[in-house]
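Dear colleague,

Please find below the structure I promised to pass on, together with its sequence. My notes on what was found in it follow directly after.

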Amino acid sequence: MMLRGVALATVLTCAAGGAWAADPPVSAACMAPIPPGAADPVPRDVHFHVNGSSRLISITLCIASNTALPLQGAAANVGLFSADGVLINYAGQSYSNVQPLTNPGTEGPKLLLMYGVAIEVDPKYGQHFSPDTVVALSTVACTKAAPDCAPAAAQTQTFLLPVQIDDDLPGGKK
């Protein structure tokens with residue numbers, strides 16, 4: 001699902017020890033423990049991947065959960081704000097049937113969803129973005145393991161998160 005801009009989404013699911021050679025390594029921020037009483041699931045490690053000559057910005061983040069049951073559905077909308085806090089654009093992506101990690105560690109999350117979407121940004125903003133973003137996360141957890149997922153009540157939360165701006169797309173500055 002895309003709200004505005006160009007949709008390019010890729011689901012990267014990972015199983016501990018079973019990542020494909022083409023998959024990027026999972027960041028320590030994604031795999032960090034979720035403290036007791038904290039929001040769960042939670043979006044983490046937000047990156048805006050830019051290229052100085054392109055109107056396209058790739059947005060990546062991860063969604064982590066302590067729950068070892070699948071998510072029937074997960075959707076995240078990410079805002080892109082200018083340096084002075086004005087909303088420039090936003091994009092969203094939804095996923096279904098998100099499975100928990102095969103062999104999760106004892107300390108980190110039990111479920112991890114790698115999120116990716118691309119969005120078009122008017123060049124007049126010069127890729128000078130706010131250091132923070134707003135992520136709206138909606139999920140429906142399963143109350144039973146697959147394939148017998150009985151959906152729990154839908155959950156929606158909004159998060160103000162820091163953003164890492166990476167000039168790492170092909171053709172970008174080195």
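Ile119 lies in strand 6, where strands (E, at least two residues) and helices (H or I, at least four residues) are DSSP runs numbered from the N terminus. Ile119 counts as buried, at 0% relative accessibility; buried means under 20% relative accessible area, exposed means over 50%, and partly exposed is anything in between, with a 1.4 Å probe and protein chains only. From Ile119 to Val78 the distance is 10.0 Å, C-alpha to C-alpha, although the two are 41 residues apart in sequence.

Before going further, please keep in mind that this is a predicted model, in which local features need pLDDT of at least 70 and side-chain atom pairs count only at pLDDT 80 or more, whereas totals for chains, interfaces and linings use all residues. Residues are numbered from 1 along each chain as its sequence is written, and side-chain values use heavy atoms, with hydrogens and water left out.

As for the overall layout, the protein has one helix and eight strands, and along the sequence they follow the pattern β-α-β-β-β-β-β-β-β. Of the 174 residues in the protein, 39% are buried. Among contacts (heavy atoms within 4.5 Å) with a separation of 6 or more, 69% are between residues 24 or more positions apart. The protein exposes about 8,900 Å², of which carbon and sulfur atoms supply 58%; these accessible areas come from the Shrake-Rupley method with a 1.4 Å probe, and for residues only the protein chains shown count as cover.

Turning to the interior, a nonpolar core is here a set of buried Ala, Val, Leu, Ile, Met, Phe, Trp, Tyr and Cys residues joined through side-chain atoms within 4.5 Å. The largest such core has 36 residues, and the members that touch the most others are Phe48, Ile57, Ile59, Tyr115 and Phe129. At least two residues of this core come from each of strand 2, strand 3 (56-65), strand 4 (71-81), strand 5, strand 6, strand 7 and strand 8 (155-166), and strand 6 gives the most, with seven residues. In soluble globular proteins, nonpolar side chains tend to be buried together.

The structure also holds two aromatic pairs, for which rings of Phe, Tyr and Trp (its six-membered ring) must have their centres within 6.5 Å; planes under 30 degrees apart count as stacked, over 60 as edge-to-face and the rest as tilted. The pair of Phe48 and Phe129 is edge-to-face, because the ring centres are 6.2 Å apart and the planes stand at 85°. Since Phe48 is in strand 2 (residues 42-49) and Phe129 in the loop between strand 6 (111-120) and strand 7 (132-141), this pair ties together parts that are 81 residues apart in sequence. Phe48 is buried with a relative accessible area of 1%, and Phe129 is buried with 10%. The pair of Tyr95 and Tyr115 is edge-to-face, at 6.1 Å centre to centre and 65° between the planes; it links Tyr95 in strand 5 (residues 87-98) with Tyr115 in strand 6, 20 residues apart. Both tyrosines, Tyr95 and Tyr115, are buried. Leaving aside residues up to four places away in sequence, Tyr115 touches several residues, including Ile59, Leu61, Ala76, Val78 and Tyr95.

What of the cysteines? A search of the whole structure finds two disulfides, each a pair of cysteine sulfur atoms within 2.5 Å. One joins Cys30 to Cys62, S to S 2.1 Å, and its torsion about the S-S bond is about -110°, so the disulfide is left-handed. It links Cys30 in helix 1 (residues 28-31) with Cys62 in strand 3, 32 residues apart. Cys30 is buried at 2% relative accessibility, and Cys62 is buried at 0%. In the other, Cys142 and Cys149 have their sulfur atoms 1.9 Å apart, and this link is left-handed, with -95° about the S-S bond. Cys142 is buried, with a relative accessible area of 6%, whereas Cys149 is partly exposed at 26%.

Finally, Asn89 is in strand 5 and counts as buried, at 6% relative accessibility. A polar atom of the Asn89 side chain lies 2.8 Å from the backbone oxygen of Glu120.

With best wishes

Conventions
Polar contact = N/O pair within 3.5 Å; in protein donor to acceptor, adjacent residues only side chain to side chain.
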